[in-house]
Amino acid sequence: MTETKQLTCVGCPAGCRITIEMEGGEILSIAGNTCDVGEQYARQEAIMPMRILTSTVKVTDCPYRVLPVTTDREIPLKMIDQAMEIIRTTVVKAPVSFEQVIIENLLDTGANVIASRSLPALH
Amino acid sequence: MRKYSAVVIGGGSAGLAAGITLKENGIDDVLVIEKDDMVGGILNQCIHNGFGLHTFHEQMSGPAYAERFMIRAEEVGLDIKLNSMVTHIHPDRTIEYVNRDEGYVTIQADAVILAVGCYERNRGALAIPGQRPAGVFTAGQAQRYLNIDGYMVGRKVFILGSGDIGLIMARRMMLEGAKVYGVAEIMPYSNGLPRNIKQCLEDFDIPLYLNHTVTNIYGKDRVERIEVSKVDEKMQPIKGTEMYFDVDTLLLSVGLIPENHLGDAAGIEMDPRIKGPSVDENYMCSIDGFFACGNGLHVHDLVDYVTLQAQRAALGAVHYLKNGPAEEKAVKAVPGNGILYTVPARIHPHHIDKTVEFFYRIRKPMDEAVITVKCGDRVLRRQTKKYLVPSVMERMMFAGRQLEDVDGDITFEAEEVIHD
Ligand SMILES: Cc1cc2nc3c(=O)[nH]c(=O)nc-3n(C[C@H](O)[C@H](O)[C@H](O)COP(=O)(O)OP(=O)(O)OC[C@H]3O[C@@H](n4cnc5c(N)ncnc54)[C@H](O)[C@@H]3O)c2cc1C
């Protein structure tokens, strides 16, 4: 059974509408893209969509309650719920430096969760 | 009264970039005034990634983009006054501000750069009928509560308006464990960037209801339920199409408006199409010595363009401080058929230093369009563009030479190309 997936490319503002035909997990065809970025993106999306994950973690000893964090590379979309469970229970102590590693090798993805900004300690 | 060469009002991405560029170009006596307790502006609450692709050639989060500029501001020794709110500006370029340490202060500047950002349209501006319970927030307010103050505003959420902030908050609330029931958009297309439709809605199976709006809000103390209806071509709700969602929170993402009241009160001319000041090729306003940039000029969806235009506004101010205003009558850049607005909205055709770049938005989505720029009957430029949407700002560069013969207003037009 051939399966058809519709995608909007996010590679650039053109937002090409890409159609992927798949059968048994194999890509049969990719159409609608106008450049290589689109093809790469469609291939990745069809097999394993990857995303940067951004959120906040609790911070103590700081004038602010939360610290914005981001993964330093993309992680599989399907692992995002599991990743959030870890992020939601993480607490760090101020001061925090810019891009400080907060969680190392998140769920064995090879991605670290790092601080999106620096934060001062109280006083 | 203390005098400065240049004062920048607002320390968001626009104000920081403008201040840094002034310093880098030999203007030493610069002050940035910011009402918040930190610089960075809206970027501090935009913790998602997608910033800086053009400026730094990498994707970073909003706070990270801001931090890069703070580091640079420190390197160039930019003087920033925090917790200080500008209350009035005057045509003679005096500026009044207040803060807790100094009280009420008046200063004067040779050049003033307005980098004051924008505000969100709220429920009052929409006039949704129904009760007035708690639980209705603008998306930006909710974003600030969650990402800076660390509080969730609700658990069962519906979002009105498919602007980028709404889309980004849909994902953010889902990640934090809330359930987002849907996003309603009154237009037949979304105003959000395609990337956000994909990664904020589709990734989380959140439905987008196009041609729909919220027609009633129910609840005594807190929102309990909302009514959503389909609308016709005139955007009027259609009877019999009502849907009900039992939610405790309604987020409004229904548009941003440049924060123009300071400039307006000083008599600076506003461009009704952008609701911010009408500026020339140097980003100078209708009153000499005032410049505008960032969301306080027109609403941007890409911070890179905010930075770029703020740098140009600062260079415009440097030029003005050295040479004074252009001794030439400006011609208008008029948005014709299919074009919503252009920035700049007027130019001095014989005072263009090498190039001038126009930013414009089109009125409705078009798969392919021909953009024509004319002066009278003369075509200055014709360009074919693909996949145009109102949410993506377009740009067109002119060399000064191409504008040498311009002797009247120039008009921008977009004509859709239909292939069958
Ligand atoms: C929710 C949201 C999401 C976005 N997402 C993206 C994205 O993913 N990628 C991207 O590239 N761009 C994005 N943008 C666009 C971009 O980040 C903004 O357009 C840009 O940061 C605006 O900068 P600004 O300096 O013009 O305004 P602001 O950041 O709002 O700064 C204005 C500053 O002026 C200060 N101020 C105002 N009035 C006064 C006064 N009277 N006295 C003293 N200070 C004053 C304010 O406190 C504020 O700090 C997003 C924008 C928003 C709103």
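Predicted model: local features only at pLDDT ≥ 70, side-chain atom pairs only at ≥ 80, totals over all residues.

Visitor: OK, so is Leu7(A) buried or exposed?

Guide: Leu7(A) is buried, because its relative accessibility is 10% and the cut-off for buried is under 20%. Leu7(A) sits in strand β1 of chain A.

Visitor: What does Leu7(A) touch?

Guide: Leaving out residues up to four places away in sequence, Leu7(A) contacts Cys16(A), Arg17(A), Ile18(A), Ile20(A), Tyr41(A), Ala42(A), Glu45(A) and Lys198(B). For Leu7(A) and Ile20(A), which are 13 residues apart along the chain, the C-alpha atoms are separated by 7.9 Å.

Visitor: How does β1(A) pair with β2(A)?

Guide: Strand β1 (residues 3-8) and β2(A) run antiparallel, with 6 bridges. One pair there has Glu3(A) opposite Met22(A).

Visitor: And which side chains of β2(A) are buried?

Guide: Ile18(A), Ile20(A) and Met22(A) are buried and point to one face.

Visitor: What about β2(A) and β3(A)?

Guide: β2(A) pairs with strand β3 (residues 26-31) in the antiparallel sense over 5 bridges, and Ile20(A) has Ile30(A) as its bridge partner. The two strands form a hairpin with 2 residues between them. Gly24(A), in the turn, has a positive phi of about 55°.

Visitor: Switching topic: what's the domain assignment of chain A?

Guide: Chain A is assigned domain 1 (2-47) and domain 2 (54-115). Their centres, taken over C-alpha atoms, are 31 Å apart.

Visitor: And the second largest pocket, how many residues line it?

Guide: The lining has 47 residues, and Val10(A), Gly11(A), Leu53(B), Gln59(B) and Arg195(B) lie nearest the pocket's centre. That lining divides into 25 nonpolar, 11 polar and 11 charged residues. The pocket holds about 1100 Å³ of space. Elements that each supply at least two lining residues include α1 (36-47) of chain A and α6 (194-201) of chain B.

Visitor: Last one: where is Ser278(B)?

Guide: Ser278(B) is in the loop between β20 (276-277) and β21 (290-292) of chain B. Ser278(B) counts as buried because its relative accessibility is 5%. Not counting residues up to four places away in sequence, its contacts include Glu269(B), Asp271(B), Cys285(B) and Arg346(B).

Terms used: Residues numbered from 1 in each chain as written. Chains lettered and ligands numbered in written order. Heavy atoms only, no water. Helix = DSSP H or I, 4+ residues; strand = E, 2+ residues; numbered from the N terminus. Buried < 20%, exposed > 50% of the residue type's maximum accessible area, 1.4 Å probe, protein only. Contact = heavy atoms within 4.5 Å. Domains from an automatic or database assignment. Pairing = 2+ DSSP bridges. 1 Å grid on protein atoms, 1.4 Å probe; cavity = no way out; pocket = protein on both sides within 12 Å on 5 of 7 lines; lining within 4 Å. Points joined across faces, edges and corners; volume = space filled by probe spheres on them. Nonpolar A, V, L, I, M, F, W, Y, C, P; charged D, E, K, R; others polar.
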